[in-house]
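Here is a short note for someone opening this entry for the first time. The points below can be read with the sequence and the structure side by side.

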Amino acid sequence: MAATPDKDSLAVSGAQRRYPCPIVSTSAFAAASGSGSNAGGSPVSRQLLEEEDEEMAPAPRRELLHKDHFSFVFDNVKTQNYLDPVSKGPGSHTIRTLAWNPTGQLIATGSADRTLRIWNPERPHVRYSTELRGHTAGIEKALFNPVRDAELASCSADGTVRFWDVRSKTCVSRLDVGGEAFTLSWSADGSTMIVGKKDDTLIPVSVEFPSSPTVHPDGANALNLPSTPGATTYTALDPHPQTVQTNATTFSWCMSTPERSEQHIFVTTGEGKVKIMSYPSFDIMHTLNAHTSACLSIALAPTGRYLAIGGSDALISLWDTTDWICRRTLSSENGGAIRGVSWSFDGRYIVGACDELGCGGNGLEIFHAESGDKVYTIPTAGINAGVSAVAWHPSRYWLAYSTTTDGPGSSSAGGLKIVGAAGGGL
């Protein structure tokens, strides 16, 4: 008799039935990236990924981890620490953003002290990392292009968005957005970016890449310069001011097609709502009354099954993308505003980040999305620790996080930590 699949397996396999449009997740792109086989990737992704080097092979396929075994497995893995030499003491090097590249072989960290660094998770010593220099104020957000392993975008309070080729360690384009940029999101095919500014303006950026990135002659100082012939071009389009406080955005996994060019973006607001908007029109298609206070963070599950929304009310709500009904809420024992959420690659597990002092004092909690159960708590250092950013690996059960350790009881300078990278077979 054939075994009956559990709910988690059904959630993964049923994802394609939940969106009335083609779904392409970042894990699908990662599976195609850098390998000889393009199975599972769309024609668009195959065309784009053919341009990338083949040095970065994807991680081997992992067995899905059942929630009943989660605690046992995580009890047997170690946490790897990554020390940045620019850190001088507690609170001096607060990491605000973490980003894995599509294959998970690199991770970027952006800090309040303007440090933007690319780490090799397998080699934690700083000599194996790369610092990208150019921003003149704190890094607010960094994000890899979902279809290009070596292309990173970053935004800063210095009013610029910069695009980097991490292989050549150079800035390939710089856009002046006319104000403090603090959030970024890529479309699934990497052709569009939405930049969010602190004055509640959304700025679309068109990304056209007929070939590999080419460095501008003066890439660090060029403002909105056209790329050289054959290079990737980054064009800031007309801004879209919002009438309410706008905190975060994310694209759906839907791919635009000749028959259906419209895409969807999700926008969190200070009113406790999430606007589902069409792109490029920015017309509001639907509004979710998600939380009783500001919605701060948002993430779509890799399966497309749930949209996770983190609020200042210390809750994460999970919304079914079929009927837009809230199926459950997750509540942390630590309290505090949820400023970041991240899904595991299989869409089974979710974590939230709270950077308020004391939020991480009882550890970083991992929840099982389908049941809402807390399956594990990762210990964090310091009674006043906060967790400023979290990011699951795109194809492994590795969890990257950063801590803030200001105040009495702090004993370390915080920094990047990756659960699983130091061994344990995840």
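How many disulfides does the count come to? The count comes to zero disulfides, where a disulfide is a pair of cysteine sulfur atoms within 2.5 Å.

1. Basis of the note. This is a predicted model, in which local features need pLDDT of at least 70 and side-chain atom pairs count only at pLDDT 80 or more, while totals for chains, interfaces and linings use all residues. Residues are numbered from 1 along each chain as its sequence is written, and side-chain values use heavy atoms, with hydrogens and water left out.

2. Overall make-up. The chain has four helices and 29 strands; helices (H or I, at least four residues) and strands (E, at least two) are DSSP runs, numbered from the N terminus. Of the 426 residues in the chain, 57% are buried, where buried means under 20% relative accessible area, exposed means over 50%, and partly exposed lies in between (1.4 Å probe, protein chains only). The chain exposes about 17,000 Å², and carbon and sulfur atoms supply 50% of that area. Accessible areas come from the Shrake-Rupley method with a 1.4 Å probe, and for residues only the protein chains shown count as cover.

3. Contacts along the sequence. Contact means heavy atoms within 4.5 Å. Among contacts between residues at least 6 apart in sequence, 53% join residues at least 24 apart.

4. Two cysteines. Cys-155 has 0% relative accessibility and counts as buried. Cys-295 is also buried, at 0% relative accessibility.

5. A four-stranded sheet. Four strands form an open sheet in the order β15-β16-β17-β18, with antiparallel pairing; two strands pair if DSSP finds at least two bridges between them. β15 (246–251) and β18 (284–289) are at the edges with a single partner strand each, so one side of each has no neighbour in the sheet. From one strand to the next, the twist averages 20 degrees. The angles are taken between axes, which are lines fitted to C-alpha atoms (for helices over the stretch in contact), and run from 0 to 180 degrees between N-to-C directions. Within this sheet, β16 (residues 263–269) and β17 (residues 273–279) pair in the antiparallel sense over six bridges. Phe-266 has Ile-276 in β17 as its bridge partner.

6. Salt bridges. A search of the whole structure finds 15 salt bridges, each a side-chain nitrogen of Lys or Arg within 4 Å of a carboxyl oxygen of Asp or Glu. One of them joins Glu-140 and Arg-96, with the closest N and O atoms 2.7 Å apart. Glu-140 lies in strand β6 (residues 139–144) and Arg-96 in strand β2 (residues 95–100), so the pair ties together parts that are 44 residues apart in sequence. Glu-140 is buried, with a relative accessible area of 16%, whereas Arg-96 is partly exposed at 36%.

7. A buried pair. Glu-151 and Arg-148 meet through their side chains in a salt bridge of 3.3 Å, N to O. Glu-151 is buried at 1% relative accessible area, and Arg-148 is buried at 0%.

8. Strand β25. All five of the five residues in β25 (residues 364–368) are buried. Leu-364, Ile-366 and His-368 point one way from the strand, and Glu-365 and Phe-367 the other way. β24 (residues 349–353) pairs with β25 in the antiparallel sense over three bridges, and Tyr-349 has His-368 as its bridge partner in β25. Four bridges join β25 to β26 (residues 374–378), again antiparallel, with Ile-366 opposite Tyr-376. Five residues lie between the strands of the β25 and β26 hairpin, where Gly-372 takes a positive phi near 85 degrees.

9. Glu-365 forms a salt bridge with Lys-374, the closest N and O atoms being 3.4 Å apart. Glu-365 is buried at 6% relative accessibility, while Lys-374 is partly exposed at 36%. Elsewhere, salt bridges that share partners join Asp-84, Arg-117, Glu-131 and Arg-133 into one network.

10. Ala-301. This residue is in the loop between β19 (295–300) and β20 (306–311). Ala-301 is buried, at 0% relative accessibility. Leaving aside neighbours within four places in sequence, Ala-301 is in contact with Trp-253, Tyr-306 and Trp-343.
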